[in-house]
Amino acid sequence: MLNPEESDKLLARTYANSDATQEELDLCALLMQQSRSGHLCIELDDDVQIKNPYIHQFATLLYFQKNWEIETRIVEELKRLITCPKQEVEEASKAASLTEEQASAVKQALSHSLSLITGGPGTGKSYTAAQIVRTLLESSPTACIFIGAPTGKAAANLERSLKNQGAWGLNLQFGTLHKFLGIDPFSPLEEREKRIEDLILIDEASMIDARLFAELLPSVRSEAHLVLMGDAEQLPPVESGNIFADMVESKLIPLTRLTKSLRTDSQELLSLATAIQQGDVEEACIKLKIHSLIGSWWEMIEGKLFFPQKGEPHETALFAIMDQLRILSCVRTGPLGVNLINMEIEARLLEKMEEGQFLALPIIICKNHPATQLYNGDTGILIRHAKEGLTDKDYALFKGRAPLPLFALPSYELGYCISVHKSQGSEYDEVLLLVPEGSEVFGKELLYTAVTRAKKRFAIQGEEKLLRVMLASKGKKRSGVVQRLENCKTPIQ
C-alpha cells in the first residue's frame with residue numbers, strides 16, 4: 001500500500017503524462033505540496049478549470065480526489081447531525097455550581113445531536129463535561145456513554161477528572177478514539193455501523209484530523225448526542241485538516257464558548273496566552289521577555305531531574321517527579337530539537353550511574369498497540385538497571401497497570417523533551433519552550449499551545465525576531481468545510 005507521499009507522487013506522474021498545460025502542472029505541484037502540509041485543498045485566484053480524474057474542483061477550491069472524498073463525507077455527516085430535530089432536556093442539576101456559560105453548554109449538549117464546547121485553559125471544560133454526564137444519568141441512569149480523546153494521555157486525564165467529580169455510570173466507558181472506533185489509520189475509509197451510545201463526548205477535538213472525523217461522524221446515531229470539546233485556538237492536527245476550528249467558524253453548529261477563567265494560580269500565564277491568542281504582538285513580546293530563560297536550558301532543569309538511585313522504584317513518587325517539568329521544542333531535529341535534547345539528557349544522567357543503581361526515564365509511546373492497550377501519546381517511565389544498555393531486568397511503568405516487561409513494550413521515544421504537538425492534552429507544573437531557527441514557519445497557535453501547557457511556570461528560549469514572526473502569523477489549514485456547510489441553512493434552535 002502506498003503512503004500519502006508516494007500516492008501524491010504517483011498522481012503527479014499521472015497528471016504530467018496527460019495533456020495538461022504548464023499552468024495546470026504548476027497547480028498540481030502546489031496542490032501536492034499543500035496536501036502534504038495538511039491542507040485539504042488550495043484556493044485558486046481565478047476561474048481556472050481543471051479536468052482530470054485525480055483532481056476535483058469545487059468553486060475556486062482544488063482537491064486531490066482522496067481529500068475531496070474525505071471532506072465530502074465530513075460535510076454530509078455534519079449536515080445530517082445538525083438538521084436532526086431538537087430534543088427536550090431537563091435543566092442541569094441545581095446542585096452543580098455552573099456558570100451561565102457552563103449551564104448553557106450542558107443544555108446545548110443534551111438537546112442537540114451535535115454540539116461544540118470551546119474554551120481556553122482554566123475555563124472549566126472538564127467540569128462542564130462531568131455535569132453533562134451527570135445530568136444525562138439523572139434522567140436516564142442506564143444511558144450508554146463513551147468519553148474519549150484522540151490520544152491516550154488526553155483520554156486518561158479526562159477520565160481521572162470526571163471520576164474525581166463523581167461522573168460515573170454503569171454503562172460509561174473511557175478510551176481513545178481509535179480504540180472506540182476500532183480503526184486502522186492506514187486502512188481505507190469504511191462504512192461504519194452506528195454506535196449504540198446515547199452520549200459520545202470527545203475532548204481535545206482540535207487534535208482530530210480530517211480522516212478521523214470522517215470515521216467518527218458516520219458512527220453517531222441521529223438520536224444520540226455527540227459533544228466535541230477543545231480549544232479552537234490550539235495547534236491544528238499534525239495530519240490533514242482543521243475540522244474542529246472549521247466547525248466553530250461555521251456558526252451553523254450549536255456552540256458554547258467558555259470565556260470565564262476559573263483558575264486563580266496562573267493569571268500571569270493566562271494573560272500571556274490571551275495576548276498571543278488575540279494577536280497582540282507587542283503585548284505578547286513584552287510578556288514573553290518576562291519569561292525568557294536566563295542561563296542554559298540544562299541549568300533550569302538539572303535540579304528537577306530524577307538522578308540514578310539505589311533501592312526499589314516507587315511508582316507514585318516517580319510519576320510525581322516526571323510530571324512536574326517538561327521541555328517542549330518546536331522542531332524534532334537540530335541542536336535544540338526533540339531528538340538531540342533527549343539524547344543529551346540521557347547521556348548526562350547515565351554518566352552519573354553506578355553499579356547497583358537504577359535510572360527512571362520518561363517515555364512516550366509512538367504508535368497505537370492494541371495488544372498492550374497502549375496508544376500513541378501514552379506516557380510512562382522506563383526503569384533501566386545498567387549503564388551500558390538495556391537488559392532483561394528493565395521494564396516500563398504506566399499509571400494504573402502492572403509493570404510491562406521490556407520485550408512487550410511497543411515503539412517509544414524518550415520524553416524529557418517532546419514536540420509542542422505531542423504536548424496537547426497534557427499539563428505540567430513547569431514548561432520550558434525551545435524556539436530554534438526554523439520555528440518561524442509555525443504560527444501563533446504553537447506559542448499559545450505551549451504556554452497553555454504550563455500550570456505554574458513558563459520559560460522560553462528563542463530570538464525575539466522569530467517570536468514576532470510566529471506571533472504575526474496564523475497556522476490555519478485550508479479546507480472547504482465552512483463554505484460547503486453554508487448550503488445548509490437550517491437555523492440553530
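I took contact to mean heavy atoms within 4.5 Å. With that settled, I started on the whole chain, keeping in mind that this is a predicted model.

**Entry 1: the chain overall**

Among contacts between residues at least 6 apart in sequence, I found that 76% join residues at least 24 apart. I then listed the secondary structure and got 18 helices and 18 strands. Buried residues come to 56% of the 493 residues in the protein chain.

**Entry 2: α5 against α6**

Next I looked up helix α5 (residues 125-139) and helix α6 (residues 152-164), whose axes come within 9 Å and cross at roughly 60°. That angle makes α5 oblique to α6. The crossing of α5 and α6 is right-handed. Which residues meet here? On the α5 side I noted S126, A129, A130 and V133, and on the α6 side L158, S161 and L162. Sorted by class, this contact has five nonpolar residues, two polar and no charged.

**Entry 3: α11 against α17**

I went on to helix α11 (residues 281-290) and helix α17 (residues 464-471). Their axes come within 10 Å and cross at roughly 140°. I put α11 down as oblique to α17, because only angles over 145 degrees count as roughly antiparallel. This crossing is right-handed. From α11, the residues V281, E282, A284, C285, L288 and K289 take part, and they meet E464, L467, R468 and L471 of α17. By class I have six nonpolar residues, no polar and four charged in the contact of α11 with α17.

**Entry 4: the buried side of α13**

Where do the buried residues of α13 sit around the axis? For helix α13 (residues 315-322) I listed L318, F319 and M322 as buried. They cover an arc of only 95°, so they are on the same side of α13. I checked what these buried residues pack against and found four strands: β10 (325-329), β11 (359-365), β12 (379-384) and β13 (395-397).

**Entry 5: N342**

I looked up N342 in helix α14 (residues 338-351). Is N342 buried or exposed? Its relative accessible area is 5%, so I count N342 as buried. Leaving out residues up to four places away in sequence, N342 touches L414, G415, Y416 and C417.

**Entry 6: positive phi without glycine**

I flagged two residues here. A59 is not a glycine, yet its phi is positive at about 55°. A59 belongs to the loop between β2 (55-58) and β3 (61-64). With 48% relative accessibility, A59 goes down as partly exposed, because exposed would take over 50%.

E204 also has a positive phi, about 55°, and is not a glycine. I placed E204 in the loop between β7 (199-202) and α8 (210-216). Its relative accessibility is 12%, so E204 counts as buried.

**Entry 7: P254**

Last, I checked P254, in the loop between α9 (243-250) and β9 (255-258). P254 counts as buried because its relative accessibility is 5%. How far apart are P254 and A105, in sequence and in space? I got 149 residues along the sequence and 9.0 Å from C-alpha to C-alpha.

Key. Residues are numbered from 1 along each chain as its sequence is written. This is a predicted model: local features need pLDDT of at least 70, side-chain atom pairs count only at pLDDT 80 or more; totals for chains, interfaces and linings use all residues. Side-chain values use heavy atoms; hydrogens and water are left out. Axes are lines fitted to C-alpha atoms, for helices over the stretch in contact, and angles run from 0 to 180 degrees between N-to-C directions. Helices (H or I, at least four residues) and strands (E, at least two) are DSSP runs, numbered from the N terminus. Angles under 35 degrees count as roughly parallel, over 145 as roughly antiparallel, 65 to 115 as roughly perpendicular and the rest as oblique. A crossing is left-handed if the near helix is turned anticlockwise from the far one by less than a right angle, and right-handed if clockwise. Ala, Val, Leu, Ile, Met, Phe, Trp, Tyr, Cys and Pro count as nonpolar, Asp, Glu, Lys and Arg as charged, and the others, Gly among them, as polar. Buried means under 20% relative accessible area, exposed over 50%, partly exposed in between (1.4 Å probe, protein chains only). The arc is that of the directions from the helix axis to the C-beta atoms.
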